[in-house]
Amino acid sequence: MAVVSIVVELKDQPGQLLRVVEPISRLGGNILSVVHQRDKKTPLGRIPVEVSLQIDEKKVEELIEAIKGVEIIVRSYNKIRLLATTSIMLIGHIVHTDLSDTINSIDKTGFAEVVDMHISMPHLNEPSTAMVTVSATGKEKLREAIELMREVCRRKSILMIEPLNEEQI
Amino acid sequence: MIKIAILGFGAVGQGVAEILADRERIERWIGRYEVVAVADSKGSIYSEDGISLKNAIEAKKMGNLPEGKSTMEIIEEMDFDVAIEATPTNIDTGEPGLTHIKACLNKGSHVITSNKGPLVVAYRELAEIAERKKVRLAFEATIGGAMPLIKLAKRDLAGNEITSIKGILNGTCNYILSRMEQERLSYNQILGEAKELRIAEANVSYDVEGIDSAAKLVILANAVMGMNATFSDVEIVGITSITPEAFEIAMEKGYTIRLIAEASREGLRVSPRLVPLHHPLAVRGTFNAVLIQTDLAKEVFVIGRGAGKIETASAIISDLIDIYGDRTY
């Protein structure tokens, strides 16, 4: 999943935003925020609207074409790079406590996602061990994501081992 | 002439007595001194003119100290300048050390202690009594055994604001984790080995559940970071549920696992953490290690032996010399 920010120019008329939202929804995108920049009206009276969303990375181009296809001006779009990355370890009944829900708690934030995971399950019904790599749009957001994961783990009685949050020494 | 009372005569108290018996070593620093009393919970040896430390150590080796004055009677009835309080730690009540230390400070004696309990329970109160009575309360031996930490932070880093302290404060846990890292054996297998080597005591929960580390962290936070923390402020997670695979998987990303006690503005916590393999805190064996972060000096790292009879006694002796020694060195 990628986080994408798209700036479109919409006529100041009812129903315009819906034309942008429809293809996003159809392609499985998840809208994170919509900001109308009314103070930045174009000379032709259009309003720039910035839509941030989460979508399968492979569908970004298709989405842009679909929006252009309904005669909306796409002024710019860019994938938001995930800037901060860290590893956290989980030990416990990771699989039996709904692993996808655990991962989803990070992915659905829109600002962070689980980008890699290595899980070891040596014996049935015994605790598993997983190393999860989380990326976020910035350091502060990464901290927020880890805090979120901490709460999920507390609820599921999973031991979470955090990295020493350290600048390089 | 400095008059010393040793209260508590277990391994640490005896270690102090052994070093003090070496007058040549100690008098160079503090001049003439006598130990006027040695006491434990069962008995005591005392004399206003000074006792023979050798006899006291011998008596303890043979069994108990002879019945005599109780520790409190010694504190109340005898004249001494400095008490070395080395009774066993109780972090719930601080006793019996708390009562001993209060009584000694109140009568105007300096106190040097290796006992974490009284400081965890009542650091603020004890520090205030010491200040009011114009005597010293020294406790280098409570944290990290021989590793210099309290005086390092308070004196050598004077003028700095300490922004965080992160460290390994329990050698037993570090031994278990670093052996799990090397051997990829289970926690219980390595715990058995540690018990056989007498690195872990029979009742190991105090160590492996992070309680010992948390107690030391509270003392550090209060004494060198100016916090007003209590034991219940520490978020504690121990090491008992760490799997052998954890080290293998962590290693692939360049990490190992250590039990880290951390004090910062965000709070106090003791928990297993992923530590980069090249990080100074990724030490092995029974070592203790602490990384102090300050605003001016930035990072300062200390490593040393966190336990042991003579090692801990060394910290007590350093406090004694700090109180009485010639500061012109």
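How much area do chain B and chain A bury between them, and what share of it lies on carbon and sulfur atoms? In this predicted model, the two chains bury about 2200 Å² between them, with 61% of that area on carbon and sulfur atoms. Within the part contributed by chain B, B:I249, B:K253 and B:L274 supply 27% of the area buried against chain A, more than any other three residues. In terms of residues, 28 of chain B are in contact with 23 of chain A.

Polar and charged pairs also occur across this interface. Nine residue pairs are in polar contact between chain B and chain A, both members of each pair being at pLDDT 80 or more. On the side of chain B that touches chain A, two or more residues come from each of the elements α12 (244-252), β9 (255-264), β10 (267-276) and β11 (287-294) of chain B. Sorted by class, that side of chain B comprises 14 nonpolar, five polar and nine charged residues. Two salt bridges are found across the interface of chain B and chain A. A salt bridge joins the side chains of A:E162 and B:R269, with an N to O distance of 3.2 Å.

Strand pairing also links the two chains. Strand β8 of chain A, residues 159-163, pairs with β10(B) in the parallel sense, over two bridges. A:E162 has B:R273 as its bridge partner in β10(B). A:E162 therefore takes part in two kinds of link with chain B, namely the salt bridge to B:R269 and, because two strands pair where DSSP finds at least two bridges between them, the strand pairing in which B:R273 is its partner.

Chain A contains an open sheet of four strands in the order β2-β3-β1-β4, with antiparallel pairing. Strands β2 (30-36) and β4 (73-79) of chain A stand at the edges; each has a single partner strand, so one side of each is left without a neighbour in the sheet. On average, neighbouring strands of this sheet are turned by 20° against each other, direction ignored. Within chain A, strand β1 (residues 2-10) and strand β3 (residues 47-55) run antiparallel and are joined by nine bridges. A:V8 stands opposite A:V49 in β3(A). Elsewhere in chain A, the loop between β6 (112-120) and β7 (128-136) holds A:N125. The phi angle of A:N125 is near 65°, a positive value in a residue other than glycine.

Chain B contains an open sheet of six strands, ordered β3-β2-β1-β4-β5-β6, with mixed pairing. Its edge strands are β3 (44-46) and β6 (137-138) of chain B, each of which pairs on one side only. Strand β1 of chain B, residues 2-7, pairs with β4(B) in the parallel sense over four bridges, and B:L7 has B:E85 as its bridge partner in β4(B). Helix α2 of chain B (residues 23-30) packs on the sheet, where the helix touches β1 and β2 (33-39) of chain B. The direction of helix α2 makes about 115° with that of β2(B). The peptide bond from B:E95 to B:P96 is cis, with omega near 5°.

Another strand pair in chain B is formed by β11(B) and strand β12 (residues 299-305), which are antiparallel and share seven bridges. In this pair, B:F287 stands opposite B:R305 in β12(B). Four residues lie between the strands of the hairpin of β11(B) and β12(B), and B:K298 takes a positive phi near 60° there.

Over all chains, the structure holds 33 salt bridges. One of them is formed by B:K116 and B:D212, whose closest N and O atoms are 3.3 Å apart. B:K116 lies in helix α6 (residues 116-133) of chain B and B:D212 in helix α11 (residues 211-225) of chain B, so this pair ties together parts that are 96 residues apart in sequence. The loop between α11 and β8 (234-236) of chain B contains B:M227. Residues up to four places away in sequence aside, B:M227 touches B:R124, B:A221, B:N222, B:S264 and B:L268. The C-alpha atoms of B:M227 and B:A282 are separated by 27 Å, the two residues being 55 apart along the chain.

Terms used
Residues numbered from 1 in each chain as written. Chains lettered and ligands numbered in written order. Predicted model: local features only at pLDDT ≥ 70, side-chain atom pairs only at ≥ 80, totals over all residues. Heavy atoms only, no water. Contact = heavy atoms within 4.5 Å. Buried area = accessible area lost by both parts, 1.4 Å probe. Salt bridge = Lys/Arg side-chain N within 4 Å of Asp/Glu carboxyl O. Polar contact = N/O pair within 3.5 Å; in protein donor to acceptor, adjacent residues only side chain to side chain. Nonpolar A, V, L, I, M, F, W, Y, C, P; charged D, E, K, R; others polar. Axes fitted to C-alpha atoms, helices over the stretch in contact; angles between N-to-C directions.
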